[in-house]
Amino acid sequence: MNHTTQSHNGHESSIAVFIDFENFALGMEHSRKKFEIQKVLERLLEKGKIIVKRAYADWTRYRDYKQALHEAAIELIEVPKRGAAGKNSADIRMCVDAIDLAHSKSHIDTFAILTGDSDFSPLVSKLKENGKRVIGLGMKDSTSLLLVDNCDEFVYYEDLERSVT
């Protein structure tokens, strides 16, 4: 039995995946690669069963990614940009949804947060405070070390490519 799929109390981990897609897309633009959600999901499936998958963005800006995300059964949460002030609206919505899920679905014991943004450190801390395990996933060049250090485990997207044989 692969011990990585076991949570601390012996059952398979139930995972909620939250994707700060705009942050990820910015990181991908710098690397000149296309974001491949399947690589992320395959790695997370090694850690447990994925129960919830949500991605947050102004999807009018990321049409090219919508089909692959739909095919992976990811719920796309539309957060329209509202000028300069709209920057954090997706972040706030994602935080509210994650905390709501942490309280309403006690069987979900692991949260995978896909972002490199240190603004999510308080969310990570609050989830851990509520007994949840937090796996972070981000790009090497655009991820805050504060966020990396705060997560129970952190996976760099670039390392997913090397681990595939």
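This report looks at salt bridges and strand pairing in a predicted model.

## Salt bridges across the chain

Side chains of opposite charge can pair when their charged atoms come close. The structure holds 9 such salt bridges. One of them joins Arg54 and Glu75, whose closest N and O atoms are 3.1 Å apart. Arg54 sits in strand β2 (residues 49-57) and Glu75 in strand β3 (residues 75-78), so this pair ties together parts that are 21 residues apart in sequence. Arg54 has 18% relative accessibility, and it counts as buried because the cut-off is under 20%. Glu75 is partly exposed, at 40%.

Asp159 and Lys140 form another salt bridge, with the closest N and O atoms 2.9 Å apart. This pair also links distant parts of the chain, 19 residues apart. Asp159 belongs to helix α7 (residues 157-163), while Lys140 lies in the loop between β5 (133-138) and α6 (145-150). Asp159 is partly exposed at 29% relative accessibility. Lys140 is partly exposed too, with a relative accessible area of 37%.

Asp97 and Arg93 meet in a salt bridge at 3.6 Å, N to O. Both residues are in helix α4 (residues 89-104). They are 4 residues apart, so about one helical turn separates them. Asp97 is buried, with a relative accessible area of 14%. Arg93 is partly exposed at 37% relative accessibility.

Other salt bridges share partners. They join Lys47, Arg133 and Glu153 into one network.

How many of the 6 residues of β5 are buried? The count is 5, so the strand is largely enclosed by the rest of the structure.

Strand β5 pairs with two strands named here. With β4 (residues 110-114), the pairing is parallel and spans 5 bridges. Ala112 stands opposite Ile135 of β5. Between these strands, the chain passes through helix α5 (residues 121-129), and this β-α-β crossover is right-handed.

Strand β6 (residues 153-156) also runs parallel to β5, joined by 4 bridges. Here Gly138 faces Tyr156 in β6 as its opposite residue. The chain goes from β5 through α6 to β6, again in a right-handed β-α-β crossover.

Notes. Residues numbered from 1 in each chain as written. Predicted model: local features only at pLDDT ≥ 70, side-chain atom pairs only at ≥ 80, totals over all residues. Heavy atoms only, no water. Salt bridge = Lys/Arg side-chain N within 4 Å of Asp/Glu carboxyl O. Buried < 20%, exposed > 50% of the residue type's maximum accessible area, 1.4 Å probe, protein only. Pairing = 2+ DSSP bridges. Right-handed = clockwise from strand over helix to strand, strands pointing away.
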